[in-house]
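Biologist: Could you take me through a pocket and a helix pair in this model?

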Amino acid sequence: MHSGPSAQAEVRITCGKEADWHWCLITISELSDDKGETTSVLLHLVDIERQKKQHDTEASRARRWNYALVSSGLGVWDHNYGTGEKFYSRTWRIMRGLVPDEPLDFSTEEEWLQNLHPQDRDFVRQAIAQQRDGNPDYMNFEYRERHAAGHWIWIECRGDAVEFFEDGKPSRIVGTDRDISDRKTSELLLARTRRRLELAVETSQIGVFERNLVTNEVSIDARMAEIYGFEDAKDKVPASRFVARVHPDDLANVMRRAQKLTVDGPAITDRFRIYRENDGELRHVQHRVAMFRTDEGVETYIGTNWDVTEETRMRQELLTAKQVAEARNFELDRAKSDIERAVHHDYLTGLPNRSFLDEELSRRLDIAKRDETRIALLQFDIDNFRSINATYGHEAGDKLLKHVANTLLNMSRHNDFLARISGDEFVMISNMDSSRKSLLQSAERILLELSKPIQVGGKRLKATASIGIATTQDSDTERAGSLLQDAGSALRRAKSEGPNRIALFKPDKGRSGNMAQVTPENLIEAIEKGAFVPYYQPQFDAKTLRLCGLEALARWKKHDGSIVEPAKFIPLADSLNLMNQIDKAIMEKALQDSARWKAQGFDTPRISLNISPRRLSDPGLVTSLQKLDITGRTLSFELLESIFLDRQDDISAYNLREIRKLGIEIEIDDFGTGYTSITSLLHLAPQALKIARELVVPLTHSREQRTIIKSIIDIGKALNIRVVAEGVETKEQIELLTSLGCDVLQGFGLGRPVPADQIERLLTPLEDGQSR
């Protein structure tokens, strides 16, 4: 018997109506005899129920995984390095914008790498190499790939080795890719937002607090603790600790404003000063707070604080700058702008100077008269400043002056005006809205703050100050000069009582009562007896350092031979209208000295004399000059720039014209400290400009000052005006001024003021043929 063709089929069979169906594999074969005729059929039945169920389970699992991968957006890739086969799923292609059934546009790994972002290409190349070496750190990474539409997409790649070569390195790596572009965009946006928020918080330096009105405990953050100097503070501090830090002058207002808060009402914003707890430093704080009720029914304040000390200083500077800008229309170019800065401000501290103070004080006095308010004027003087300069040097002195300026700015209120009027003297204008007792308490706090030591050059330097105070209530004056004089009188009285003192002006003693050493009687007697004599300070040609001029300065020579300096008698002489007589006496004696030197055969240099504003406006000035022997003598009058040049009266203008006709030259003294315009210079046509000492002193260490002085010299040369530098004290100043083109030098570094008999050794004899 022989076996013929056979067939197989998978069928389900059952043994009965209620029996389960089973999968079976049926094989049917034909059996034939020797003649090839089919004699029977062989049926072979095998039970495959178990295998069938296992296959169905695996197929179902495969379908579920496939559905999961498709729905999750994961693209599957399979790299078999053993066979060289690479598989990329439909989703893998779709996320890149590729047509699922079309061939890929790359055939090698390097071609695919060209589709990656240039900044990611080297990294991915390295990651693939590390994967092949079996490095697990490179199985997961992110990169950017160009989409078929042309834009970049972010891919998150996750893989794992599933088969290995004999050496242990992966022979097959299977993984998934996910398009994470949306997540990356969100992360980038979040990162930018976070950076902006962090920058805003860091820049604003805001501190946050919450105060429980039942327990009076304040919850604070680290910035609040830093603002108030609470070094040992944790999360909560008692409210009383904050109250203790508020400046006494501001506390009542802060408490009054806080009482206006209501639950869920509008927030309030306030500014006040505090003394930090750890170092006692005065700071300005801005405060915003609102009131609400918690879910437990507890009334609570929540708010913010931030340190606005620097902003307050800037506001003061901007206020000053605004007032300067509104004061005049500038007529000069860049050089004039530099000069205007020096005109209105002190070069060292940046504060307004004396000229600016005069204008501001006059303006505020007008406002006070109109509004029926009062003004307080506080004049500060550093005790023993000359001794500090001599002991520690000028650099230390400059640092101390800057410290005083900054301290006064910090202690000043919003509308206070602060100026530096001389070497170590400062003046503060303050609206007087409280009692004299409160004013004195504020002055005492200023003295306390000023007396705190500072570090200068590794040394601990401590200085004190004296304060003189005058008010419009006590002075009963509407003139700026009178109020300043009253404050100066009070200051002198304070200093006479010792260092670190405060004195109020006492109107019952009067202004002259504060000048016990110089009385009107002995001043008049000195004029009548001819006790005022000229002292001469030499002036030298900048290029040759040869004597080219003398400035005659008034000195009071008493009967015992002692000399009274001008600062001791000029204020009183000016208030008594006696400066005309003193000026006249100095001029007559200077002309006598000049005539004697010429008779002795000396080449007499030009003599310059200071002439007071009152003298210039004297109707009898020209007549008195015509009586003097001025012919053939080189004589010049020095006029203060800051007082007269832009506001001459008719008599002064007439006297100036007639003075020129007499052959007397005109010089502008203290140039750079007033408000002279180019138009005024052209109109007045002076023969010389004298650069103010306060501009010359910082010359060697201030590029700004060199620029200003160079601008003045350039203006002088452009207008054919001689330029004289006052206050020259060092060799470096001499060299710098000469290199800048200055014509004449004058100062203690070259020669101090001396009497006539000592000046003769500097004079040059006339050569034969020269005119006597």
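**Pocket and helix contact**

Modeller: The second largest pocket has 33 lining residues, and those nearest its centre are Asp-249, Asp-250, Arg-273, Arg-413 and His-414. On a 1 Å grid over the protein atoms alone, a pocket is an open set of points where a 1.4 Å probe fits, with protein on both sides within 12 Å along at least five of seven lines; lining residues have an atom within 4 Å of a point. This is a predicted model, where local features need pLDDT of at least 70, side-chain atom pairs count only at pLDDT 80 or more, and totals for chains, interfaces and linings use all residues. Residues are numbered from 1 along each chain as its sequence is written, and side-chain values use heavy atoms, without hydrogens and water.

Biologist: Which element gives the most to that lining?

Modeller: Helix H14 does, with six residues. Helices (H or I, at least four residues) are DSSP runs, numbered from the N terminus.

Biologist: How many of the lining residues are charged?

Modeller: Nine are charged (Asp, Glu, Lys and Arg), alongside eleven nonpolar (Ala, Val, Leu, Ile, Met, Phe, Trp, Tyr, Cys and Pro) and 13 polar (the others, Gly among them).

Biologist: Now the helices: at what angle do H25 and H26 cross?

Modeller: The axes, lines fitted to C-alpha atoms over the stretch in contact, cross at roughly 45 degrees and come within 10 Å.

Biologist: Which residues make the contact?

Modeller: Arg-706, Ile-709, Lys-710 and Ile-713 of H25 meet Leu-736, Leu-737 and Leu-740 of H26, with contact meaning heavy atoms within 4.5 Å.

Key. Helix = DSSP H or I, 4+ residues; strand = E, 2+ residues; numbered from the N terminus. Axes fitted to C-alpha atoms, helices over the stretch in contact; angles between N-to-C directions.
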